[in-house]
Amino acid sequence: MRNFISVQDAGDIDRLVNIALDYKAHPFKDLSLAQHRRVGMLFLNPSMRTRLSTQVAAQNLGLEAIVFNVDKDGWQLEFEEEAIMSGSTVEHVKDAAPILGRYFDILCLRTFPSLKNKQDDYSELYINQFIKYAGIPVVSLESATLHPLQSLTDLVTITECMSAEASAFQGRAPKIVLTWAPHVKPLPQCVANSFSQWVNAWGKAEFVITHPEDYELDERFTRGAHITHDQDAALKDADFVYVKNWSTYQDYGKIYCYDAEWMLTGEKLKATRQGRIMHCLPVRRNVELSDEVLDSPHSIVTQQAANRVWAAQAVLSEILHTNP
Ligand code: CP
């Protein structure tokens with residue numbers, strides 16, 4: 001594995017999931033894998049889970065992690081080629097990235113979309129410029145359109161639940177539902193795009209996406225899923241319910257619907273098959289999900305967030321093994 005920015009970098013998904021689960025069982029088995037090697041973790045946006053879980057994962061491999069909050073502590077970066085830098089940007093990525101490539105063995109990067117210009121966001125300019133100029137492996141800690149470490153974690157968690165309850169899933173594919181939820185501000189499509197991309201590539205589930213009209217995601221990620229505007233029908237017999245808000249993709253970055261009817265409640269869960277509730281977090285309680293659901297035994301969000309460590313450890317170890 002050279003870079004990790006989408007499902008295309010994962011290779012065999014089940015193999016990567018199993019590496020992560022093996023690290024969960026034996027966290028320190030590769031403690032000396034990366035002695036005297038360093039990972040740089042650059043954040044252009046806030047994070048709790050991604051930042052801390054990746055640092056813990058790095059430590060478990062003997063890899064030193066150095067975090068740099070570019071948005072707060074760094075010079076404002078320019079990403080456009082041939083830019084005339086007479087505005088607010090101070091340093092070009094083509095000058096900064098090669099230096100980081102000398103300091104570190106792996107570079108991890110979190111960016112967010114602007115949600116103003118779809119073409120710019122979906123070109124993934126920021127992460128692609130780092131890949132182009134850093135000269136070392138690059139790992140996405142969430143980009144403008146995807147969140148691959150989150151999605152790998154999600155499949156680790158689903159696989160883990162399925163093997164813990166093997167008799168409930170004997171001989172049948174799980175039904176996984178991605179349901180849109182209300183939110184107070186426009187959010188990226190990253191988590192929903194990425195989850196769709198990974199579940200479709202995994203190919204082992206009955207996958208349904210449900211959202212209000214005009215919230216269609218980019219078909220490049222959703223193709224293969226059944227898409228419906230009828231949330232009740234979607235939830236019927238669901239084994240896993242992934243709750244997430246996203247802003248509109250077609251008329252880019254807007255909120256069309258703030259309909260509390262789309263919030264997931266205990267009443268709606270009755271139609272599911274012991275539906276296990278997932279969310280990438282952070283979550284707006286009683287907006288996206290009711291307290292009743294989040295605080296119920298149906299919720300596996302803490303297990304899911306805890307599994308971020310093992311997904312990150314699997315990816316870092318794969319990169320370390322293939323880039324000695
Ligand atoms: N799910 C997730 O990426 O959380 P953070 O934004 O806290 O890293």
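Reply: Let's say two residues are in contact when they have heavy atoms within 4.5 Å. In this protein, residues 24 or more positions apart make up 79% of the contacts with a separation of 6 or more. Keep in mind that this is a predicted model, where local features need pLDDT of at least 70, side-chain atom pairs count only at pLDDT 80 or more, and totals for chains, interfaces and linings use all residues. Numbering starts from 1 along each chain as its sequence is written, and side-chain values use heavy atoms, leaving out hydrogens and water.

The protein has 15 helices and 11 strands (DSSP runs numbered from the N terminus: H or I and at least four residues for helices, E and at least two for strands). The C-alpha trace spans about 55 × 50 × 30 Å along its principal axes. Of the 324 residues, 57% count as buried, meaning under 20% relative accessible area with a 1.4 Å probe, protein chains only.

Now for the close look: helix 9, which runs over residues 190–202. Its 13 residues reach 18 Å from first C-alpha to last, close to the 18 Å expected at 1.5 Å a residue (that is, 1.5 Å times one less than the number of residues). Helix 9 is mostly covered, with 11 of those 13 residues buried. Just after helix 9 comes G203, with a positive phi of about 70 degrees.

Definitions and conventions. Buried < 20%, exposed > 50% of the residue type's maximum accessible area, 1.4 Å probe, protein only.
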